[in-house]
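Q: Hi! I have a structure open and would like to talk it through with you. Can we take it step by step?
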Amino acid sequence: MGVESLARPEIVAMKAYSSARKEAPGKGVLLNANESPRALLDEPDDLNRYPDPQPAELVARLAALYGVPENSLLLTRGSDEGIDLLVRVFCRAGQDAILHCPPTFGMYRIAATTQGAAIVSVDRQAGNAFKLHEEDVLHAVQADARIRLVFLTSPNNPTGDLVDKAFLERLLEVSEDRAIIVLDEAYAEFCPQPSAAGMIAEHENLVVLRTMSKAWASAGLRCGAVLAGQPMISLLRRVIAPYPVPSPIMKLAMRMLEGDMMDRQRELMREIESNKRYLLRILQNRSFIREVIPGDANFVLIRTDNAPDLLAFSASRGVIIRGYASEPLLHHCLRISVGSEAELAKFAAVLDEWETLR
């Protein structure tokens, strides 16, 4: 049947907006896009012109980095835009639903609510380091015909656990012609498990989300990518904004993927790995910490006594960590990102002081 059978009919029938830059390359005497003939700023010198909708060289570099064909990659403004596009293409307001597994990244819920889609929640196992209820996920997809998108995160935020490949294969099989499986790999570079991008050619209903925000130290760029089969990419291109990647962002992203920066990125990854071991040592043998969930990403989740009080105390000492007051499953949990060695030393001092005051 193909992914088009799962998409909203009006999207399938819709003719995509064709921008001036899409219809003709940005070369020569440009009198086709109602642009200013010159820029006001000296640097960068091309801000008066619209950027390429999907800059070919950047697409090629990211496709090579992620190991997919160029026509299987869509550039987006971070992973968030990819999530929003998928919900808009596949979920009819008041009729369709997404499935997510809280605690997890909150934007899946936000995108669905904005679109008017229902939300099916398969809560994680709170007493088992928040592991997935795999069988419950499989059952829900088979039992609920409203579900069009299943959002999974590997490693998951904020628990850091991975989606098992055998489970993913089973889920893709039972979801064929029923739902799209979206695997968010925002933190994939931090874990040893291979990306699921290599499975895209075999599964038309698999989408993988990637970003330069985390392991590439470029959260400010807002540069992400959707990896999927060509039919899926074609659907998403019908609803994406005409120019999702600003010219300065494109140039900075290209610079990030040059040879010397690749070396610096690998060095950064080694530093984060070392600092995470330091963070885990800091958290050992604390009387007020009930559980440490190390995960496979650049953060650690802890279950602690008086989490809101420790969160506020840490902030009063100038160290900001993440609390979850609005998430019932995480009410007693805090998430600590892996910072620099000096930053983690300050956090250790906060924990020492907190322990003496208890």
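This is a predicted model: local features need pLDDT of at least 70, side-chain atom pairs count only at pLDDT 80 or more; totals for chains, interfaces and linings use all residues.

Q: How many bridges join β8 to β9, and do they run parallel or antiparallel?
A: Four bridges join them, and the strands run antiparallel. β8 covers residues 289–293, while β9 covers residues 299–304.

Q: What holds strands of a sheet together in general?
A: Strands pair through backbone hydrogen bonds, and the pairing can be parallel or antiparallel.

Q: Which sheet has β8 and β9 in it, and what is the order?
A: An open sheet of four strands, in the order β8-β9-β11-β10, with antiparallel pairing. β8 and β10 (322–323) are the edge strands, because each of them pairs on one side only.

Q: Let's zoom out. How many helices and strands does the chain have?
A: There are 12 helices and 11 strands. The radius of gyration is 22 Å, close to the 21 Å that the globule rule gives for 358 residues, so the chain is as compact as a globular protein of that length.

Q: And what box do the C-alpha atoms fill?
A: Roughly 70 × 55 × 30 Å, taken along the principal axes.

Q: How much of the chain is buried?
A: Buried residues make up 50% of the 358 residues. The accessible surface of the chain comes to about 16800 Å², and 51% of that belongs to carbon and sulfur atoms.

Q: New topic: where is R49?
A: R49 is in the loop between α2 (20–23) and α3 (56–66). The C-alpha atoms of R49 and S247 are separated by 8.8 Å, although these residues are 198 residues apart along the chain.

Q: Why is R49 called partly exposed?
A: Its relative accessible area is 23%, and partly exposed means between the 20% cut-off for buried and the 50% cut-off for exposed.

Q: Last one: how far apart are the mean positions of the positive and negative charges?
A: They are 3 Å apart, for 40 positive and 47 negative charges.

Note on methods
Residues are numbered from 1 along each chain as its sequence is written. Side-chain values use heavy atoms; hydrogens and water are left out. Two strands pair if DSSP finds at least two bridges between them. Helices (H or I, at least four residues) and strands (E, at least two) are DSSP runs, numbered from the N terminus. The radius of gyration is taken over C-alpha atoms; the globule rule is 2.2 Å times the number of residues to the power 0.38. Buried means under 20% relative accessible area, exposed over 50%, partly exposed in between (1.4 Å probe, protein chains only). Accessible areas come from the Shrake-Rupley method with a 1.4 Å probe; for residues, only the protein chains shown count as cover. Lys and Arg count as positive and Asp and Glu as negative; His and the chain ends are not counted. The place of a charge is taken as NZ of Lys, CZ of Arg, CG of Asp or CD of Glu.
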